[in-house]
Amino acid sequence: MREVACSVRVTGRVQGVAYRAWTRSQAVALGLRGWVRNRGDGSVLALIAGPEAAVDAMVMAMGEGPGAARVTDVWREEADPATVPAGFDIVG
């Protein structure tokens, strides 16, 4: 299966609701690698890589988030899979 990577920016009520921990858990379950972090503007940014179907499923899931989150928008931008680190970490 083709490997892809993307940067994903999520806005809405996504900080202070365990969104990063939820993202990491979902990514690990899907076998993805990358990282997730809060941004100063209140959004969450993630870099994810893995099999195309798993990345697509993750981006779709990020549009919902955990129960306490209220996602308003998800932006996806393609990235180079070679730039994505192993494992999946919460950074920053």
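Student: What is a nonpolar core?

Tutor: A nonpolar core is a set of buried Ala, Val, Leu, Ile, Met, Phe, Trp, Tyr and Cys residues joined through side-chain atoms within 4.5 Å. Buried means under 20% relative accessible area, exposed means over 50%, and partly exposed lies in between, with a 1.4 Å probe and protein chains only. Before we look, note that this is a predicted model: local features need pLDDT of at least 70, side-chain atom pairs count only at pLDDT 80 or more, and totals for chains, interfaces and linings use all residues. Residues are numbered from 1 along each chain as its sequence is written, and side-chain values use heavy atoms, with hydrogens and water left out.

Student: Which residues touch the most other members of the largest nonpolar core?

Tutor: Here is the general idea. In soluble globular proteins, nonpolar side chains tend to be buried together. In this model the largest nonpolar core has 21 residues, and Val8, Tyr19, Ile48, Val55, Met58 and Met62 touch the most other members. The elements giving two or more residues to this core are β1, α1, β3 and α2. The largest share, five residues, comes from α2. A second, separate core of six residues includes Ala5, Leu45, Ala49 and Val84.

Student: How are helices and strands defined?

Tutor: Both are DSSP runs, numbered from the N terminus: helices are H or I with at least four residues, strands are E with at least two. Two strands pair if DSSP finds at least two bridges between them.

Student: What is the order of the strands in the open sheet?

Tutor: The five strands run in the order β4-β1-β3-β2-β5, with mixed pairing. The edge strands, β4 (70-79) and β5 (88-90), each pair on one side only. Neighbouring strands are turned by 20° against each other on average, direction ignored. Such angles run from 0 to 180 degrees between N-to-C directions, and axes are lines fitted to C-alpha atoms, for helices over the stretch in contact.

Student: How many bridges join β1 to β3?

Tutor: Eight bridges join β1 (residues 3-13) to β3, and the two run antiparallel. Find Val8: it stands opposite Ala46 in β3. Six bridges join β2 (residues 33-38) to β3, also antiparallel. There, Trp35 stands opposite Leu47. On another side of the pairing list, β1 and β4 are antiparallel over nine bridges, and Cys6 stands opposite Glu78 in β4.

Student: Why is β3 largely enclosed by the rest of the structure?

Tutor: Seven of the eight residues of β3 (residues 44-51) are buried, so β3 is largely enclosed.

Student: Which strands does helix α2 touch?

Tutor: Contact means heavy atoms within 4.5 Å. Helix α2 (residues 52-62) packs on the sheet and touches β1, β3 and β4. Its direction makes about 155° with that of β3.

Student: Which residues of α2 are buried?

Tutor: They are Ala54, Val55, Met58, Val59 and Met62. These cover an arc of only 135° around the axis, which puts them on the same side of α2. The arc is that of the directions from the helix axis to the C-beta atoms. Those buried residues pack against β1, α1, β3 and β4.

Student: And which residues of α1 are buried?

Tutor: Tyr19, Trp22, Thr23 and Ala27. Seen down the axis of α1, they fall within an arc of 130°, so they line one face of the helix. Their cover includes β1, β2, β3, α2, β4 and β5. After α1 comes Gly31, with a positive phi near 75°.
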